Amino acid sequence: MEKRRLSFWEIWNMSFGFLGIQMGFALQNANASRILQIFGADVHELSWFWIIAPLMGLIVQPVIGHYSDKTWGKFGRRKPYFLVGAILASIGLVLMPQADMFIAFLPALWVGAGMLMIMDASFNIAMEPFRALVGDNLRTDQRTLGFSVQTALIGFGAVIGSWLPYALTNWFSVSNETVEGAVPLNLILSFIIGAVILIISILVTVATTKEYSPEELASFEDEKAHSEALEKDGGEEKSSLLDIFEDFKKMPETMRQLSWVQFFSWFGLFGMWVFATPAIAQHVYGLSHTDSSSSLYQDAGDWVGILFGVYNLVSALYAFTLPYIAKRIGRKKTHSLSLIIGGLGLLSIYVMPDKNWLIVSMVGVGIAWASILAMPYAILAGSISPKKMGVYMGIFNFFIVIPQIINALIGGPLVKYAYGNQAIFALMMSGVSFLIAASLVYKVKDVDDVI
């Protein structure tokens, strides 16, 4: 028995929930630093607040992956998890920019950080089962397309989320000014709109996507071969949550090799997300690192949203070309070349003459982002037993969150003591990290390099 070949639109609907997830994630990425600064955080403290995000991923994703592998009911295997995650993330989106309304109980900064934690835990609950769902439902020859479509939807959702605050201010005259330490109205409305779209997009996937039952997965003709070939790598059935640690020790060789590529890729991404707004406000707009409440700083923050939207739009478009490029030159070369372009894009920010030229830099970042979201998973999926797809996708997340935790711990002190509070050098470090990741791709063994 073989998995059914899915149409393009079936694959599209299966991943459509990522549109809303990434819209919320983009709102967080582009604006969380600004919101926390409005509530009183200094620039060198930002990475410490952002450590919440990777910590939640480190804890949540492997656990959710383990249990979603074991779950089967009338609502399916993966769908119950990302539906619950979407609901919780929506609550965090609505409340984070309005954390000051709880000031009678706790400082707004700590409430905002708490909402950031809720959002990150919830995004992780939703994301991991989506990754596993693509591995569950698609044949080997459709996986690169599946992860590319998922990346495209991630890009489209992120464009909407990144551009929304700017659009509300410039197209609909919604204020972007802070009043007495409150978050601007354009951000509050953007987060509410993001919460609504997140719920709707998840419901589209839930309503249109059928999951294979455990019995159907076990019946596919390649299951036995996968299980026998990968038994030494942890492909056998497990029943205890503690067996996640055993699975970690027995991870496939390909995952071990990809872990270093992921480490430097996500170390770079985290630095960009955390420090882009203060870096561009200082380096391009000429502002001080203490000038986070001025109108010009808010304009810089809105422009960073536009730039983030640009790289996500490029990512969405480039994602459709990835299967064709990978077919011609292989998945490893495709990923390495994309990371090199992204690294050069980040490094170019330092020499760009004005804010508009930064769009060119973000084109390079978008090419790398598309590949980071698709190619490692396409390479990894072929080395994992279908019985362990969820838990290993969750364990793979270790190599996304650990570099972010390290960057969160050292990023702030580096900006303060090594960079003289000049956040632009954090972006330069991110560019170098991309180039290191590109060099490490060639050490990866791609056991299933087909389109």
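These are my notebook entries on a predicted model.

**Ground rules**

I worked from a predicted model, where local features need pLDDT of at least 70, side-chain atom pairs count only at pLDDT 80 or more, and totals for chains, interfaces and linings use all residues. I number residues from 1 along each chain as its sequence is written, and side-chain values use heavy atoms, with hydrogens and water left out.

**Entry 1: the overall count**

I looked up the secondary structure first. The protein has 18 helices and zero strands. Helices here are DSSP runs of H or I with at least four residues, strands are runs of E with at least two, and numbering starts at the N terminus.

Next I checked burial. Of the 451 residues in the protein, 63% are buried. Buried means under 20% relative accessible area, exposed means over 50%, and partly exposed is in between, with a 1.4 Å probe and protein chains only.

Then I checked contacts, meaning heavy atoms within 4.5 Å. Among those between residues at least 6 apart in sequence, 83% join residues at least 24 apart.

**Entry 2: helix α18**

I checked the length of α18, residues 424-440. The expected span is 1.5 Å times one less than the number of residues.

Which residues of α18 are buried? They are Ile424, Ala426, Leu427, Met428, Ser430, Gly431, Ser433, Phe434, Ala437, Ala438 and Leu440. Their cover includes α12 (253-283), α14 (331-348), α15 (358-381) and α17 (398-418).

**Entry 3: α14 against α18**

I took the axes as lines fitted to C-alpha atoms, for helices over the stretch in contact, with angles from 0 to 180 degrees between N-to-C directions. The axes of α14 and α18 come within 8 Å and cross at roughly 165 degrees. That makes α14 roughly antiparallel to α18. The cut-offs are under 35 degrees for roughly parallel, over 145 for roughly antiparallel, 65 to 115 for roughly perpendicular, and oblique for the rest.

The crossing of α14 and α18 is left-handed. Left-handed means that the near helix is turned anticlockwise from the far one by less than a right angle; right-handed means clockwise.

I listed the residues that meet. From α14 they include Ser336, Leu339 and Gly343. From α18 they include Leu427, Met428, Gly431 and Ala438.

Ser336 lies in α14 and is buried, with a relative accessible area of 1%. Leaving aside neighbours within four places in sequence, Ser336 is in contact with Ala438, Val441 and Tyr442.

Met428 is in α18 and is buried at 14% relative accessible area. Leaving aside neighbours within four places in sequence, Met428 is in contact with Leu346, Leu347, Ile349 and Tyr350. Met428 and Ile349 are 79 residues apart in sequence, yet 8.2 Å apart in space, C-alpha to C-alpha.

**Entry 4: α12 against α13**

The axes of α12 and α13 (residues 295-329) come within 9 Å and cross at roughly 130 degrees. That makes α12 oblique to α13. I noted the contact residues. On α12 they include Met272, Trp273 and Pro278. On α13 they include Tyr297, Leu307, Phe308 and Tyr311. The crossing of α12 and α13 is right-handed.

**Entry 5: helix α8**

I repeated the length check on α8. Its 24 residues should span 34 Å at 1.5 Å a residue, and its end C-alpha atoms are 35 Å apart, which agrees. The buried residues of α8 include Asn186, Phe191, Gly194, Leu198 and Thr205.

**Entry 6: loop residues**

I looked at Arg78, in the loop between α4 (52-70) and α5 (79-95). Is Arg78 buried or exposed? Arg78 is buried, with a relative accessible area of 0%. A polar contact of 2.7 Å joins the side chains of Arg78 and Asp136. Such a contact is a pair of N or O atoms within 3.5 Å; within protein, one must be able to donate a hydrogen and the other to accept it, and residues adjacent in sequence count only if both atoms are side-chain atoms.

Most residues other than glycine have a negative phi. Ser173 has a positive phi of about 60 degrees. Ser173 sits in the loop between α7 (143-172) and α8 (185-208). Ser173 is exposed, at 67% relative accessible area.

Asn421 also has a positive phi, near 65 degrees. Asn421 is in the loop between α17 and α18. At 14% relative accessibility, Asn421 counts as buried.
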